[in-house]
Amino acid sequence: MNLQLSSKGSAWDEIDFEFLGNLSGDPYILHTNVFSQGKGNREQQFYLWFDPTADFHTYSILWNPQRIVFSVDGTPIREFKNLESMGVPFPKNQPMRIYSSLWNADDWATRGGLVKADWTQAPFTASYRNFSAEACVLSNGASSCGTNTSPPASSAAANAWFSEELDSTRQERLKWVQKNYMVYNYCKDTNRFPRGLPPECNMA
């Protein structure tokens with residue numbers, strides 16, 4: 001199952017939440033990725049501390065000019081900071097829409113593609129509830145938030161997300177998740193980047 005923000009075109013931006021398939025009884029893996037200007041390769045994957053099929057949970061993306069934060073039930077699991085000053089592309093100039101889909105990724109997703117989809121179990125379904133979005137809206141080429149660096153023109157309290165960052169408590173929760181539940185981090189994959197890890201991986 002895939003939930004993503006995405007723009008259009010060959011140099012698209014994208015922010016991904018994906019649930020990878022599993023063998024019955026194995027934990028599910030939550031896959032995250034960030035694309036900018038058509039380039040991704042910034043995957044981090046996590047086990048969850050609950051069975052995501054047993055009940056509804058809240059999966060959220062904070063995307064503002066300074067950072068992207070992926071959260072589950074209010075607990076941040078990943079932060080991707082805007083490090084354009086270091087030459088790291090960051091999605092900020094293209095409007096994105098929200099998409100959700102179920103799609104067959106059995107060529108790579110489950111145990112590296114070893115486990116194929118069991119089509120005898122079809123149809124596959126996903127359900128959502130209590131969806132909400134706070135966003136800048138693009139209309140006639142202009143954003144309701146003004147420029148990328150200025151605060152939204154409307155009430156600052158109503159648009160606190162535009163400059164939101166992780167406080168010390170949420171930073172500690174983020175470290176807890178990454179220490180105990182992260183199962184893949186592109187910043188540790190030296191085989192994939194033999195010429196050196198991406199520059200953001202050298203940040204503390």
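Let me start with the aromatic rings. Phe17, Phe19, Tyr59 and Phe70 are linked by ring pairs into a cluster. Please keep in mind that this is a predicted model.

I will go through two of them. A pair of aromatic rings is described by the distance of the centres and the angle of the planes, and I will give both values each time.

Take Trp119 and Phe124. The ring centres of Trp119 and Phe124 are 5.8 Å apart and the planes stand at 65 degrees; over 60 counts as edge-to-face, so that is what this pair is. The next pair is Trp161 with Phe162, at 5.6 Å centre to centre and 70 degrees between the planes, again edge-to-face.

Phe124, at 42% relative accessibility, is partly exposed.

Let me stay with Trp119 for a moment. Where does Trp119 lie in the chain? Trp119 is in the loop between strand 8, residues 97-101, and strand 9, residues 138-139.

Arg173 lies over the face of Trp176, at 4.6 Å from the ring centre.

Last topic, the cysteines. How many disulfides does the model have? The count is 1 disulfide. The bond is between Cys187 and Cys201, with an S to S distance of 1.9 Å. As for where these two cysteines sit, Cys187 and Cys201 are both in the segment after strand 11, which covers 182-185, and they are 14 residues apart. What is the handedness of this disulfide, and why? The torsion about the S-S bond is about -75 degrees, so the disulfide is left-handed.

Both ends of the bond can be checked for burial, where the cut-off is under 20% relative accessible area. Cys187 comes out at 15%, so Cys187 is buried. Cys201 has 17% relative accessibility and therefore also counts as buried.

Conventions
Residues are numbered from 1 along each chain as its sequence is written. This is a predicted model: local features need pLDDT of at least 70, side-chain atom pairs count only at pLDDT 80 or more; totals for chains, interfaces and linings use all residues. Side-chain values use heavy atoms; hydrogens and water are left out. A disulfide is a pair of cysteine sulfur atoms within 2.5 Å. Helices (H or I, at least four residues) and strands (E, at least two) are DSSP runs, numbered from the N terminus. Buried means under 20% relative accessible area, exposed over 50%, partly exposed in between (1.4 Å probe, protein chains only). Rings of Phe, Tyr and Trp (its six-membered ring) pair if their centres lie within 6.5 Å; planes under 30 degrees apart count as stacked, over 60 as edge-to-face and the rest as tilted. A charge sits over a ring if NZ of Lys or CZ of Arg is within 6 Å of the ring centre and within 35 degrees of the ring normal.
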